[in-house]
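I opened this notebook to keep track of what I looked up, one entry at a time.

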Amino acid sequence: MTQLEMAEQSGKDANQKAIDDWLPITSSRNAKWWYAAFHNVTAMVGAGVLSLPYAMSELGWGPGSVIMILSWIITLYTLWQMVEMHEMVPGKRFDRYHELGQHAFGEKLGLWIVVPQQLTVEIGVNIVYMVTGGKSLKKFHETVCPSCSQIKTSYFIVIFASIHFVLSHLPNFNSISGVSLAAAVMSLSYSTIAWVASLEKGVQPNVDYSYKASSTSDGVFHFLSGLGEVAFAFAGHNVVLEIQATIPSTPEKPSKGPMWKGVILAYLVVAVCYFPVAMIGYWVFGNAVEDNILISLEKPAWLIATANMFVVVHVVGSYQIYAMPVFDMIETLLVKRLKFKPCFRLRFITRSLYVAFTMLVGIAVPFFGGLLGFFGGLAFAPTTYFLPCTMWLAICKPRRFSLSWIINWICIVFGVLLMVLSPIGGMRTLILSAKNYQFFS
């Protein structure tokens, strides 16, 4: 290589490093293991936890308990796989989900398999969180001031979105760590309020645990929708590689050590949040439970108002955690492919447009339960339950019929069934909700 070629290569490398230092995922690599813990809690314990008693009412005691426990075990296993695969190639880090997909399935196929699903999850979550944030603000307003005049849900969604028009301009994962920590604490707090207040209320008179469907077909659709709601609740995998990318790594101390420590702590918090809310909420209200447990709990008013405010703070953090990889994809495309200059103005325009888009869709379709069931099945099941297993089989190639091979195929079958079946129930809920719904109500 001539000196001129070497100089050109050096210039390209410097330019590439400057771009990587600007992009949200790769710009900061000084996170500690506890950052990974609360980022994972914020990503995982979302608004989905509040719909778990409702999911239990659709699934029933036996199937509901089994699916909850199976989901917890399978998603912890697939999360471990992703943490392990982050630095599977010596000297290289797969900082983004689609980069790992490209390594497993090839440059083009990997992109086409992972990116549409990951974007569906992240944009879907952001839309659902717009709805959740707006509805929780509305519930807070109604609880604190029952005599006040009613305000449309869409106005509350706009108020919630206005927070994100400011927060979305924080440059990277580490810069939102304070927001994420507050969100993780809030998720533990409102989950505890949900099950403690349910316990305090006591089992309702005439509580009914039978399936609430009026016909067999209704029962099947409810069951499928419940599957999607459980899948939605276990969704942190879509941002796990991006979170791990913020942790420093050396050959002696790879990032998987601190990351796994953070994941274990996060999953213990997930268990403490999910199982009591799901089981106690269903035990107290039976099939009369609402699709958001806090709506079923009317009193004490101050406690329900507090819980709803906690939900708002939590979904503020969760929205940012899921939006950051989307910002990274958009900015990578604009800067690397379309050769835009990395600058604040580019970031300001793209991120503001994204927040506006999720706000408008959230205002147009605020069907909380149906959205959970539909998105939960369609995109969460693949990226959470079986894509990591498929990548593991493609990259590690375990021996056929070995324990690793069998476990991965069981997870893949379970995930494929979730993906195929649960959107059917969610879509039906959306169609039924749409019958008597006016846009921008």
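Before reading any burial value, I wrote down the cut-off that I need: a residue is called buried when its relative accessible area is under 20%, exposed when it is over 50%, and partly exposed in between. I also note that this is a predicted model.

**Entry on aromatic pairs**

I searched the whole structure for aromatic pairs, and the search gave 11. One of them joins Tyr-385 and Phe-414, a tilted pair with 5.7 Å from centre to centre and 50° between the planes. I then checked where the two partners sit, and found Tyr-385 in helix 15 (residues 368-396) and Phe-414 in helix 16 (residues 403-435), so that the pair, 29 residues apart, links distant parts of the chain.

**Entry on a charge over a ring**

Next I looked at Trp-22, where the charged end of Arg-347 sits over the ring, 4.1 Å from its centre.

**Entry on salt bridges**

How many salt bridges does the structure have? I recorded a count of 6. In one of them Asp-328 meets Arg-96, with the closest N and O atoms 2.5 Å apart. This pair links distant parts of the chain, 232 residues apart, since Asp-328 belongs to helix 13 (residues 301-337) while Arg-96 lies in the loop between helix 4 (61-85) and helix 5 (97-105). Both Asp-328 and Arg-96 are buried.

I then turned to Lys-138 and Glu-142, whose side chains meet in a salt bridge at 2.9 Å, N to O. Because they are 4 residues apart in helix 6 (residues 107-144), about one helical turn separates them. Lys-138 is buried at 16% relative accessible area, whereas Glu-142, at 28%, is partly exposed.

The next bridge I noted is between Glu-331 and Arg-351, with 2.8 Å between the closest N and O atoms. Glu-331 lies in helix 13 and Arg-351 in helix 14 (residues 344-364), so this bridge ties together parts that are 20 residues apart in sequence. Glu-331 counts as buried at 1% relative accessibility, and Arg-351 is buried with a relative accessible area of 0%. Finally, I wrote down that salt bridges with shared partners join Arg-96, Glu-99 and Asp-328 into one network.

Methods:
Residues numbered from 1 in each chain as written. Predicted model: local features only at pLDDT ≥ 70, side-chain atom pairs only at ≥ 80, totals over all residues. Heavy atoms only, no water. Phe/Tyr/Trp six-rings, centres within 6.5 Å; stacked < 30°, edge-to-face > 60°. Helix = DSSP H or I, 4+ residues; strand = E, 2+ residues; numbered from the N terminus. Lys NZ or Arg CZ within 6 Å of the ring centre and 35° of its normal. Salt bridge = Lys/Arg side-chain N within 4 Å of Asp/Glu carboxyl O. Buried < 20%, exposed > 50% of the residue type's maximum accessible area, 1.4 Å probe, protein only.
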